[in-house]
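Please open the model in your viewer, show it as a cartoon, and keep the selection panel at hand.

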Amino acid sequence: MAIPLISDLLERFFGPAEDPHSRDDVKRRLKIVLAHDRLALDPQTLEMMRQEIIAVVSRYVEVDFDALEFSLATDQRVTALTANLPIRRIRPLGRGADQPISPDSEAKKIELASQSEILAMDAEEAEAALRRFEAKNNAEGSSDGQDPIHAPLDIDRSGLDEETQDDNAALSEDDVAAMNSEAETSTETGESGSEVPDMSAPDSSVSMKSSGNTNSESA
Amino acid sequence: MSRIIVMTSGKGGVGKTTCTANLGMALAKAGQRVAVVDADFGLRNLDLLLGLENRIVYTALDVLAGECRLDQALVKDKRQPNLALLPAAQNRSKESIKPEQMKRLIKALTKVYNFILIDSPAGIEMGFRNSIAAAREAIIVTTPEISAVRDADRVIGLLEANDIKAVRLVINRLRPAMVAAEQMMSVKDVQGILSIPLLGVIPDDEQVIVSTNKGEPLVLEEKLSKAGIAFTNVSQRLQGEKVPLMDLSIPQDSFFTRLKRLFGM
């Protein structure tokens, strides 16, 4: 029998040298993969959504593109899209709308970065926040003599809508149409699916999963 | 009201059939009238784990085809008369039976049996849909491994979408020493990620292989192994009893065992 090396002997006595803990790796990897599984969103749609969110936010504030972060996270079977958009500065009044933003060129600068303050909002909240922000801007812009508290809530969005069109033009029209139809179908199956489980259609039950989850969990 | 429970996992090889055989036997031992249904058409194995493979005359398909009565197809266990197996056909595919037919079979079984355990095949296709069609509860079997947990999560979503609300978790093949060394997800980790109530934890146990070799479920042993105790505990919890989780912590290495290892003993 060969005489074991001293290090070997030490290892036998004290147990193997500390490995990095693979338990932490598996937990981290599982959380990410499950967030995507549960949402059942394909990467293209996610990317389009990301670009549009950036385009909208960039109209009002200057976003720090180096520290941008979009991620999906789940907790207690609820999936959240977390967008972390560090703001460099608020755009000067009235300049937001007439500065065209090309989501494509700006998205190129984007990389996934690490932690900082997290900003999570769902679509409705975002819309509401947007309206509040617009109302505030309009109130300040026309504050010459007008009572800011009674600022007009009925906002003229025509300019903004044109701007949106311009942004979309950067994407191909087919893409947008495909995206719209996808969004519609997924909500439809979600609503009908959660009430009537359809065992015959394999695809509908797949999409029902994510929407079923979201429905039950938000309740 | 009979309890109709599907045992499912998504991933194959995590121990669905072993759990079904042992739970079914443990429930029968506790005096419940139990039917275990093999829903794995074409790849049946539940008969083997129960040691009933030589006693199959008819299968579920023969019942549906009207070639025999349901009670003729049921294989009654001689060791435990409270337990009966409804075998799957081995020479047919999973597409040879429809969810509606499965529902009819299970409904007929509820007239006699108060626990019906359905052993689902792996996957989320036709065989899975058949096996959940009649179920009102589900037991998710998983192991503390990334692929098994991911598949379990997917199946939990599908069960929710199909209105199966009572979904509970059995974590199989846990290796306490690896958890202690931080090289395996703990019970808490897995349960936290899947977020469904825990029904039990089965430690990894060589006796499982011995018992499948013999066709005798672990819970029938005179002196229960660790896994056998764990399965019995799960069956008691399933009947509403409060049974604490088994202590699976491993004793610290003593100076003496280290010394033994040092000399390669």
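**Stop 1: the two chains**

Select chain A to begin with, and you will find 9 helices and 4 strands, where helices (H or I, at least four residues) and strands (E, at least two) are DSSP runs numbered from the N terminus. If you follow chain A along its sequence, the elements come in the pattern α-α-α-β-β-β-β-α-α-α-α-α-α.

Before going further, note that this is a predicted model, in which local features need pLDDT of at least 70 and side-chain atom pairs count only at pLDDT 80 or more, while totals for chains, interfaces and linings use all residues. Residues are numbered from 1 along each chain as its sequence is written, chains are lettered from A and ligands numbered from 1 in the order in which they are written, and side-chain values use heavy atoms, with hydrogens and water left out.

Of the 219 residues of chain A, 30% count as buried; here buried means under 20% relative accessible area, exposed means over 50%, and partly exposed lies in between, with a 1.4 Å probe and protein chains only. Among the contacts in chain A between residues at least 6 apart in sequence, 68% join residues at least 24 apart, a contact being heavy atoms within 4.5 Å.

Now select chain B, which has 12 helices and 8 strands. Buried residues make up 55% of its 265 residues, and among its contacts between residues at least 6 apart in sequence, 74% join residues at least 24 apart.

**Stop 2: a residue in chain A**

Return to chain A and select A:Ser58, which is found in helix H3 (residues 43-60). Is A:Ser58 buried or exposed? A:Ser58 is buried, with a relative accessible area of 1%. If you also select A:Ile87, which is 29 residues apart from A:Ser58 along the chain, you can check that their C-alpha atoms are separated by 9.3 Å.

**Stop 3: helices H1 and H11 of chain B**

In chain B, select residues 16-29 for helix H1 and residues 226-238 for helix H11, whose axes come within 9 Å and cross at roughly 65°. Axes are lines fitted to C-alpha atoms, for helices over the stretch in contact, and angles run from 0 to 180 degrees between N-to-C directions.

To see what makes the contact, show the side chains of B:Thr18, B:Cys19, B:Asn22, B:Leu23, B:Ala26 and B:Leu27 on H1(B), and of B:Phe231, B:Thr232, B:Val234, B:Ser235 and B:Leu238 on H11(B). By class, this contact has 7 nonpolar, 4 polar and no charged residues; Ala, Val, Leu, Ile, Met, Phe, Trp, Tyr, Cys and Pro count as nonpolar, Asp, Glu, Lys and Arg as charged, and the others, Gly among them, as polar.

**Stop 4: the cavity**

Stay with H1(B), which gives the most to the lining of the largest cavity, with 3 residues. A cavity is a set of points, on a 1 Å grid over the protein atoms alone, where a 1.4 Å probe fits but cannot get out, and lining residues have an atom within 4 Å of a point. The structure holds 1 cavity of 30 Å³ or more, and about 30 Å³ of space lies in the largest cavity.

Which residues line the largest cavity? Select B:Thr18, B:Ala21, B:Asn22, B:Leu49, B:Ser211, B:Thr212, B:Pro217 and B:Leu218, which divide into 4 nonpolar, 4 polar and no charged residues.

**Stop 5**

Next select helix H7 (residues 146-161) and helix H9 (residues 187-194) of chain B, which pack at an angle of about 35° with their axes 10 Å apart. The crossing of H7(B) and H9(B) is right-handed.

Two loop residues complete this stop. B:Glu182, in the loop between helix H8 (176-180) and H9 of chain B, has a positive phi near 60° and is not a glycine. B:Ser195, in the loop between H9 and strand E8 (198-203) of chain B, has a positive phi of about 55° although it is not a glycine.

Terms used: On a 1 Å grid over the protein atoms alone, a cavity is a set of points where a 1.4 Å probe fits but cannot get out, and a pocket is an open set with protein on both sides within 12 Å along at least five of seven lines; lining residues have an atom within 4 Å of a point. Grid points are joined across faces, edges and corners, and a volume is the space filled by probe spheres set on the points. A crossing is left-handed if the near helix is turned anticlockwise from the far one by less than a right angle, and right-handed if clockwise.
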